[in-house]
Amino acid sequence: MNQDIQIYNTLTRKKEPFQPLNPPHVGMYVCGPTVYSDVHLGNCRTFISFDLIFRYLKYSGYRVRYVRNITDAGHLEGDRDEGDDKFAKRAKLEQLEPMEIVQKYTLGFHDVMRMFNTLPPSIEPTATGHIIEQIEMVKKILENGFAYEVDGTIYFDVEKYSQTHNYTVLTNRNLEDMLANTRELSGQDDKRGRLDFALWIKAKPETLMQWASPWGPGFPGWHIECSAMSAKYLGQEFDIHGGGLDLAATHHTNEVAQSEACNHHQPAKYWMHTNMLTVNGTRMSKSAGNGFLPGELFTGSHPLLKKGYSPMTVRFFMLQAHYRSTLDFSNEALDASEKGFKRLMNAMSLLPKITASATGEISIGEIRKKCENAMNDDFNSPVAIAELFEAVRIINTLYDGGLKITADELQKLTELMQYFIYDIFGLKDEDNSNTAFNEVLDMVIALRREAKENKDYATSDQIRIGLQEIGIQLKDSKDGTTWSKS
RNA sequence: GGUCGAGUGGCCGAGUGGCUAGGCUCAGCUCUGCAAAAGCUGCUACAGCGGUUCGAAUCCGCUCUCGACCUCCA
């Protein structure tokens with residue numbers, strides 16, 4: 001069990017040693033997608049970041065229960081706690097049942113996550129599956145005096161809460177300023193305070209997704225689901241709560257308030273927030289119209305893309321930046337990642353071809369230590385990747401015969417590369433061609449070798465250039481010819 | 001307007017006081033029938049102005065620019 005991990009905690013705004021409440025067990029909750037439309041690449045970045053964190057904790061010897069919810073009800077269009085549910089709106093648009101919308105986009109989300117090679121969470125609970133738990137929690141908050149009812153809708157009383165609690169723990173904002181700024185915008189709703197938010201919302205007669213409650217038919221507010229589900233599966237206090245940075249100011253702030261108002265303590269010991277993916281310096285989002293869908297990225301069918309990029313290229317691109325930094329998206333950056341990823345995977349394919357010597361000049365321990373130190377330092381994947389590229393140079397030189405390595409160190413080198421690239425970074429080789437294809441290509445390479453041996457370079461070049469045109473790059477070396485997709 | 005954060009070389013992106021980040025690009029060289037790959041070498045940095053220090057990309061102040069949040073958003 002790795003005891004040297006440091007995690008940046010949004011609550012304290014600094015890196016802290018990671019000390020789980022009940023080691024070796026770790027409870028981690030991450031806010032999942034609202035499945036009313038396709039996930040875009042920015043959404044994916046968060047889930048890929050937490051996949052990295054999940055993997056590293058898991059392979060560091062912790063027994064992680066990773067809960068990532070599916071929001072399939074209760075997410076309203078605006079903050080006014082009125083108007084359409086996102087699902088109802090989309091259902092109308094697509095002429096489907098709301099639950100058909102939920103099913104459609106949940107499946108789509110899972111497909112995308114699989115393509116990015118993320119590990120499935122331990123539990124993936126849905127909001128609609130936990131209505132009872134949410135109602136119970138609302139009841140308790142009412143009993144504790146931090147909420148009030150107006151005509152079948154229950155609101156959380158932020159001003160009351162802030163008399164005894166720090167409402168803005170996560171963002172360090174000044175509540176007075178927030179109230180001063182927002183009160184004048186006050187509309188025609190029933191809330192007492194402008195910062196109050198709905199825990200339970202009264203259904204209109206035409207609302208399709210509604211449930212019975214002590215306050216009449218209605219549906220849960222967005223924030224209460226995560227509080228209810230995290231408490232149910234991880235306990236009232238657990239280790240890590242994560243999500244996108246954009247959720248911190250509203251969603252997570254309200255989650256903290258709900259848990260405090262209900263259970264009298266903070267839900268999570270460490271709050272982790274992943275930063276945004278940007279396009280030309282502006283945050284990627286659906287409303288800004290700069291949101292790439294993963295499918296558009298893979299095929300290159302988006303107008304801002306000049307070509308398609310594979311899921312592993314994109315994953316690698318994201319891992320090359322730290323999760324707390326914004327990452328700017330561009331064709332040039334993706335091109336660079338594509339080549340870097342290829343270089344990395346090429347080294348992986350050379351590894352089994354290296355032969356050990358009786359004596360060696362290389363020691364792998366230090367590189368491994370550097371990689372681990374980087375990951376221990378708040379999951380600094382870009383630095384760990386930089387260290388792996390040192391190993392890549394060594395592998396290439398070994399393959400060319402410029403260095404010697406002992407069998408023992410070669411074993412360590414192989415383990416290092418496999419551990420970080422496959423297990424921690426979740427990367428995989430995409431050149432998984434079928435056997436028949438490989439055999440055909442081997443035959444073509446054999447024919448070309450014959451031509452070369454007869455100094456028939458016209459034929460050999462014809463083969464090489466022909467293959468190049470269909471995306472196969474041949475590489476001649478003294479040990480024979482290898483190939484890769486170009 | 002308020003709060004928070006950021007400005008690093010041609011591009012992406014690490015790095016919080018002294019030690020090479022790394023990837024991609026570009027130029028040259030080596031190897032190779034050619035090509036590709038690989039290796040070696042080189043090139044262009046820390047927004048600006050002050051300050052602290054023996055020493056600052058890194059700390060402090062000011063200026064400029066940009067972004068995020070404050071309204072649904074990973």
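**Legends for views of chain A**

**View 1. Contacts across the chain A sequence.** Take the contacts in chain A between residues at least 6 apart in sequence: 74% of them join residues at least 24 apart. Please keep in mind that this is a predicted model. Chain A holds 16 helices and 15 strands.

**View 2. The extent and surface of chain A.** Along the principal axes, the C-alpha atoms of chain A fill a box of roughly 90 × 50 × 35 Å. Of the 486 residues in chain A, 50% are buried. The chain exposes about 22200 Å², and carbon and sulfur atoms supply 49% of that area.

**View 3. Helix 11 packing with helix 13.** Two packed helices are described by the angle between their axes and the distance between the axes. Here, helix 11 (residues 331-350) and helix 13 (residues 381-399) pack at an angle of about 45°, and their axes lie 9 Å apart. Helix 11 is therefore oblique to helix 13.

**View 4. Residues where helix 11 meets helix 13.** On the helix 11 side, the contact is made by Gly-340, Arg-343, Leu-344, Asn-346, Ala-347 and Leu-350. Helix 13 brings Phe-389, Val-392, Arg-393, Ile-395, Asn-396 and Tyr-399 to the contact. Sorted by class, the contact of helix 11 with helix 13 has 7 nonpolar, 3 polar and 2 charged residues. If you are browsing the side chains, Leu-344 of helix 11 and Phe-389 of helix 13 are among the residues to look for in this contact.

Methods: Residues are numbered from 1 along each chain as its sequence is written. Chains are lettered from A and ligands numbered from 1 in the order in which they are written. This is a predicted model: local features need pLDDT of at least 70, side-chain atom pairs count only at pLDDT 80 or more; totals for chains, interfaces and linings use all residues. Side-chain values use heavy atoms; hydrogens and water are left out. Axes are lines fitted to C-alpha atoms, for helices over the stretch in contact, and angles run from 0 to 180 degrees between N-to-C directions. Helices (H or I, at least four residues) and strands (E, at least two) are DSSP runs, numbered from the N terminus. Angles under 35 degrees count as roughly parallel, over 145 as roughly antiparallel, 65 to 115 as roughly perpendicular and the rest as oblique. Contact means heavy atoms within 4.5 Å. Ala, Val, Leu, Ile, Met, Phe, Trp, Tyr, Cys and Pro count as nonpolar, Asp, Glu, Lys and Arg as charged, and the others, Gly among them, as polar. Buried means under 20% relative accessible area, exposed over 50%, partly exposed in between (1.4 Å probe, protein chains only). Accessible areas come from the Shrake-Rupley method with a 1.4 Å probe; for residues, only the protein chains shown count as cover.
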